[in-house]
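Have the viewer open while you go through them.

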Amino acid sequence: MGSLYFSFLFFLISTLFLSSQANLKLHLQPSTDHDESFTSVLISQQGLDFIKDLLINKAISSFIPLQLPATIEKSARIPFLGNVHMVVSNVTIYKIDVLSSYVKPGDTGIVIVASGTTCNLTMNWHYSYSSWLFPIEISDGGRASVQVEGMDVGLTLGLKIHEGTLNLSLLDSGCYVKEITIKLDGGASWLYQGMINAFEEQIGSAVESAITNKLKDGILKLDSFLQALPKEIPVDDNASLNVSFVENPLLSSSSIQFDINGLFTASNKAPVPKYYRQSRQPSVFCSDQPKMLGISLDEAVFNSASALYYDAEFMEWIVDKVPDQALLNTAGWRFIIPQLYKKYPNADMNLNISLSSPPIIRIAEHSMGATVYADVIIDVVQAGEVIPVACISLVSKLKYNGWYLLFFSLHLCLSSFC
């Protein structure tokens, strides 16, 4: 009889635990605290470097090929030759290499600098002149390759939160060309190399202007992308995750922290009671610096999910099949509840398990615990009729430290309908 009692007790615990694990699909309930943050995301310096490299590669791939809009012209009067007209056109950047770069958050914004950058360009060149010595116009032209070396590109970005979305603005930008080398191809290029070198300053200015304008366009597109991001992410038909930003980002010398609402909300927007305790947790702190990203979740996030799915009636289960099917027959309970077997001998049974309130989740610095209140109604199935005969109220408390279950307590209270 003692072994049967402990088998029954183990059966109840296993059924409750396994059923909750199999059916709680991360669904739960909403809140109206849209101006409070319950989730923090911290991007460390390593994470910022990763994002910076990603943005630089994306920017280069979107720039190339970049055709400079201007046609550069120059005229000069040269003794004995007369007026010489020189034109450079179709200047196109077809390759950009970044030697080094860094990103640095600060009080005024985020600074991104790419230094030692090289650019490779192609262009068309043409010249013509006429003089009293030669009554006809003389002209020549061809292609040229241009290499820009030692170019520095920098920008400062501002981050602000407006109505739950992240706004990105370009506070400052600049592009500075240090050295240009032009090599002519075609025609009598060796003869005119010196004259074409006079275009170095104009080509450098055109490159600086074109890249600066492209940066401005790119930041505007990135800002539009960020503002188009949804403020809620659907989880299923019942719940959504509120990912709207709360307060402006916190910038330090080596990290950026974003605060978001982070609570689960009802998809139908119907008001739901709050069962969770709002307790702000400390901001994210990563003691292990190599981590790129740290996420801090307040216990209210879990409790909002718990309350949501409880209200949506997801925490109710009917158990009519178990590995040891004899447990779902009154004969298996005759030593535990003798009057049940006496009134319904050898009758099939099922267990109607429901939580009487949302599970309460508590999070500490090194552990996580939950308190679950559940009712198990024992039903007897007789002649197709389901008859509730007893109710067992359970209060279970679980506490985890890392991957290990540290503590489990179970309280039973039996009331009979017989």
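How many of the 8 residues of strand β17 (residues 348-355) are buried? The count is 6, so the strand is mostly covered, where buried means under 20% relative accessible area, exposed over 50% and partly exposed in between (1.4 Å probe, protein chains only).

Before the details, some ground rules. This is a predicted model, where local features need pLDDT of at least 70, side-chain atom pairs count only at pLDDT 80 or more, and totals for chains, interfaces and linings use all residues. Residues are numbered from 1 along each chain as its sequence is written, and side-chain values use heavy atoms, with hydrogens and water left out.

1. Back to β17 and its partners. Strands here are DSSP runs of E with at least two residues, helices are runs of H or I with at least four, and both are numbered from the N terminus. Two strands pair if DSSP finds at least two bridges between them. Strand β16 (residues 316-319) runs antiparallel to β17 and is joined to it by 4 bridges; Ile 318 stands opposite Asn 352 in β17.

2. β17 also runs antiparallel to strand β19 (residues 368-382), with 8 bridges joining the two. In that pairing, Ser 354 faces Asp 375 of β19.

3. Have a look at Leu 398, which sits in strand β20 (residues 385-401). Leu 398 counts as buried because its relative accessibility is 11%.

4. Asn 120 belongs to strand β6 (residues 110-130). With a relative accessible area of 14%, Asn 120 is buried too. Leaving aside neighbours within four places in sequence, Asn 120 is in contact (heavy atoms within 4.5 Å) with Thr 92, Ile 93, Tyr 94, Lys 95, Val 146 and Gln 147.

5. Next, an open sheet of 3 strands, with antiparallel pairing and the order β10-β11-β14. Its edge strands, β10 (232-234) and β14 (264-266), each pair on one side only. From one strand to the next, the twist averages 35°; axes are lines fitted to C-alpha atoms, for helices over the stretch in contact, and angles run from 0 to 180 degrees between N-to-C directions.

6. Within that sheet, 3 bridges join strand β11 (residues 239-242) to β14, and the two run antiparallel. Leu 241 has Phe 264 in β14 as its bridge partner. Helix α5 (residues 299-311) lies across β11 and β14, at about 25° to β14.
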